[in-house]
2 protein chains.
Amino acid sequence: MYEEILPELIVENDTKLVLLVLDGLGGTTDDRGITELEAAHTPNMDALAKVGSCGLHRAVGYGITPGSGPAHLGLFGYNPLKYQIGRGILEAFGVGMDVGPGDLAMRGNFATMENGIITDRRAGRIPTELCEKLVEKLKDKITKIEDISVDIKAGRDYRFAVVLRGNGLSALLSDADPQMTGKPPVKAMPLSPIAEKTARIVNKFIDMATEILKDEHPANTVLLRGYAKLADIMTSTQKYGMRAVGIAVYPMYRGLARIVGMDCPDLPGESIEDEINMAKKLWNDYDFFFIHIKKTDSYGEDGNFDAKVKVIEEVDEKLPQILSLNPDVIAITGDHSTPSVLKSHSWHPVPLLIKGRYTFADDAQKFSERECAKGIIGHIPAEAIILLMMADAGRLKKFGA
Amino acid sequence: MYEEILPELIVENDTKLVLLVLDGLGGTTDDRGITELEAAHTPNMDALAKVGSCGLHRAVGYGITPGSGPAHLGLFGYNPLKYQIGRGILEAFGVGMDVGPGDLAMRGNFATMENGIITDRRAGRIPTELCEKLVEKLKDKITKIEDISVDIKAGRDYRFAVVLRGNGLSALLSDADPQMTGKPPVKAMPLSPIAEKTARIVNKFIDMATEILKDEHPANTVLLRGYAKLADIMTSTQKYGMRAVGIAVYPMYRGLARIVGMDCPDLPGESIEDEINMAKKLWNDYDFFFIHIKKTDSYGEDGNFDAKVKVIEEVDEKLPQILSLNPDVIAITGDHSTPSVLKSHSWHPVPLLIKGRYTFADDAQKFSERECAKGIIGHIPAEAIILLMMADAGRLKKFGA
């Protein structure tokens with residue numbers, strides 16, 4: 001947002017900004033007419049809402065239900081329509097692999113081939129344990145093809161991710177996946193001459209994997225698709241002049257934070273307490289703290305209203321620990337909504353609360369979708385959040401004289 | 001909106017969506033501080049507002065007063081700044097003519113020529129009845145020029161519309177209208193070599209018409225301008241994957257609905273009841289129902305506050321008949337505002353109410369501009385409405401993983 005003027009406006013100072021993201025925080029009203037956030041007892045967030053500014057944001061756009069990738073890019077201030085993250089990269093992030101500049105990530109399926117015909121694109125949905133075992137076999141024997149190093153990691157069920165690392169890789173390839181059963185396997189074809197080397201390597205990988213798996217059943221071959229390289233994203237340090245750290249437990253969000261140049265330290269445990277402790281520990285080393293809480297979304301997806309309420313309440317209970325660090329600006333929001341009545345991500349606007357030194361104390365009396373609709377921030381694109389935080393922190397100077 | 005990602009998000013299912021448009025619905029406060037919608041007794045809309053989501057939309061942009069063309073394109077989800085509908089087409093729609101792909105529409109004036117000089121560009125504002133008589137004369141004698149068929153229809157006073165149909169027509173012509181009196185008539189000039197044939201045909205039409213009218217007075221010649229072909233608009237079926245029908249009485253709105261690919265069945269009568277009955281009849285044949293009520297706008301333009309209130313109340317009274325069809329999502333709004341204090345279209349934001357399965361039951365307690373300003377939808381561009389409706393109907397899948 002405002003990329004044409006932003007570089008000239010950035011000021012560096014010693015303020016501390018906290019973006020606390022409760023994944024899937026937003027909801028919609030259920031039969032009783034309330035949402036999880038409304039049902040939750042959140043005295044600390046409510047107190048902040050009273051003295052801070054509230055509003056609603058849309059991660060990608062009106063009516064658009066965002067996946068985690070676009071939703072977080074929006075929160076980090078990047079236009080999710082401009083920077084689209086490939087499926088292969090999200091798959092790799094999801095299983096905790098690193099994807100660096102120049103790397104090529106892709107999604108893999110174990111599949112069944114009989115007499116040269118793909119008879120099951122998911123190898124009978126083999127269990128994760130078998131997937132892990134088979135991936136170990138592949139990893140043992142395929143570490144390098146030509147000058148390209150090969151990394152593989154098992155996902156859930158029949159899925160895995162592959163990351164190729166080396167020079168001259170391109171994502172301009174056709175899927176090595178017939179997309180339906182009853183057909184022979186297909187090779188990856190270069191869609192541009194610059195992808196010829198990559199196609200050769202991908203096809204070699206498939207041949208080697210098929211040879212290694214030939215005595216297995218039903219998982220005796222692999223399909224590859226969703227080739228993706230990192231979009232050329234300016235890091236948060238370059239874009240905002242802030243040293244940024246992502247504190248997140250789940251690999252997907254750690255990966256997303258890394259894309260925009262955040263450091264992502266390993267955590268000693270998976271609790272909210274562990275995350276807050278990490279923020280405390282790193283307080284002097286960074287300017288911008290992205291703290292990600294996953295379980296609100298997980299319970300929303302499960303349709304478990306009460307459990308989602310409990311996670312919100314737990315975060316609220318721990319909030320004073322974050323506030324005791326005296327951040328100059330704190331924003332509390334979600335990346336998107338995950339109403340438990342829908343059991344999935346949704347397009348509903350996401351509640352947002354910002355408290356800084358100069359935030360307007362608007363009429364919102366509680367942190368909830370309904371109160372946020374009354375707030376002075378109004379309805380904003382997610383990309384605007386970081387700018388509002390920076391403005392309050394004195395990190396954006398005047399535009400024009 | 002979001003045209004770069006939309007095609008991949010479309011889901012087809014068997015949900016039914018109703019967009020009920022009260023033309024010119026929005027108002028501004030009068031001396032008593034109320035609007036027509038606030039004054040109207042609308043128990044059914046108010047009940048929907050209580051359980052649904054409210055907001056305000058702008059048809060084209062902040063401060064922009066839209067004509068019917070851009071206002072409806074916005075409601076249909078097309079950017080009215082990107083897709084501009086030529087004057088000739090709106091004129092033809094307004095008198096109930098069809099304009100198909102490749103056709104060229106234009107506006108005509110009867111005018112007065114004396115001694116080779118245009119002395120009145122509106123032929124003394126001849127009455128509509130005379131206009132109709134003269135158009136009949138022209139229609140009798142001019143049906144085809146070269147291989148191009150010619151259709152003419154009278155408008156109000158001295159105005160008429162011409163639609164040319166055939167191959168190779170172009171709108172890249174200069175006006176055949178001196179724009180001021182005291183000058184000789186001017187020929188249509190091709191602004192590009194591809195328009196040479198069209199210029200020849202337009203000029204031939206003017207010559208023939210002038211010959212036919214030579215003994216008339218004051219309407220003894222014609223001026224033509226506003227040449228326009230249909231913009232290359234993706235139809236609603238292509239764009240949204242919905243079979244859409246437009247239920248409207250007035251030719252202008254039927255024409256606008258047709259441009260975006262809606263079917264527009266003939267109605268047996270002009271009442272709101274007739275329109276609702278048509279929706280009932282076609283309920284199983286379409287996914288998206290655009291129902292257009294004209295009179296709110298007409299009375300607004302007349303400055304007749306009370307009559308506009310009455311039309312709103314009549315629609316409210318009939319609303320249960322639409323609701324009894326059990327649409328999955330219904331949106332009630334206007335295409336723009338027509339405050340009776342202004343006696344014209346205006347730039348004021350337009351009240352919007354959406355009720356679907358997953359709409360947030362916000363704090364708006366009544367359907368009115370003031371309550372809509374409190375709603376959770378906020379202020380949105382008109383183009384977003386159809387996306388919010390589709391999202392609620394499960395017709396838009398997740399963007400990104």
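Predicted model: local features only at pLDDT ≥ 70, side-chain atom pairs only at ≥ 80, totals over all residues.

Residues are numbered from 1 along each chain as its sequence is written, and chains are lettered from A and ligands numbered from 1 in the order in which they are written.

Let me turn to strand S12 of chain B, residues 350–355. Strands here are DSSP runs of E with at least two residues, numbered from the N terminus. A residue is called buried if 20 or more other C-beta atoms, placed from the backbone, lie within 10 Å of its own. In S12(B), 6 of the 6 residues are buried, so the strand is largely enclosed by the rest of the structure. Val350(B), Leu352(B) and Ile354(B) point one way, whereas Pro351(B), Leu353(B) and Lys355(B) point the other way. In a regular strand, side chains alternate between the two faces of the sheet.

Which strands pair with S12(B)? Pairing requires at least two DSSP bridges between two strands. Strand S2(B), residues 53–58, runs antiparallel to S12(B) and is joined to it by 5 bridges; here Cys54(B) stands opposite Leu353(B). Strand S11(B), residues 329–333, also pairs with S12(B) in the antiparallel sense, over 4 bridges, and Ile330(B) has Lys355(B) as its bridge partner.

Finally, the chains. Chain A can be laid on chain B with an RMSD of 0.2 Å by a turn of 125° and a shift of 0.1 Å along the axis, by least squares on the C-alpha atoms of residues with pLDDT of at least 70 in both. The two copies are therefore related as by a three-fold rotation axis.

Notes
Buried ≥ 20, exposed ≤ 12 C-beta atoms within 10 Å, placed from the backbone.
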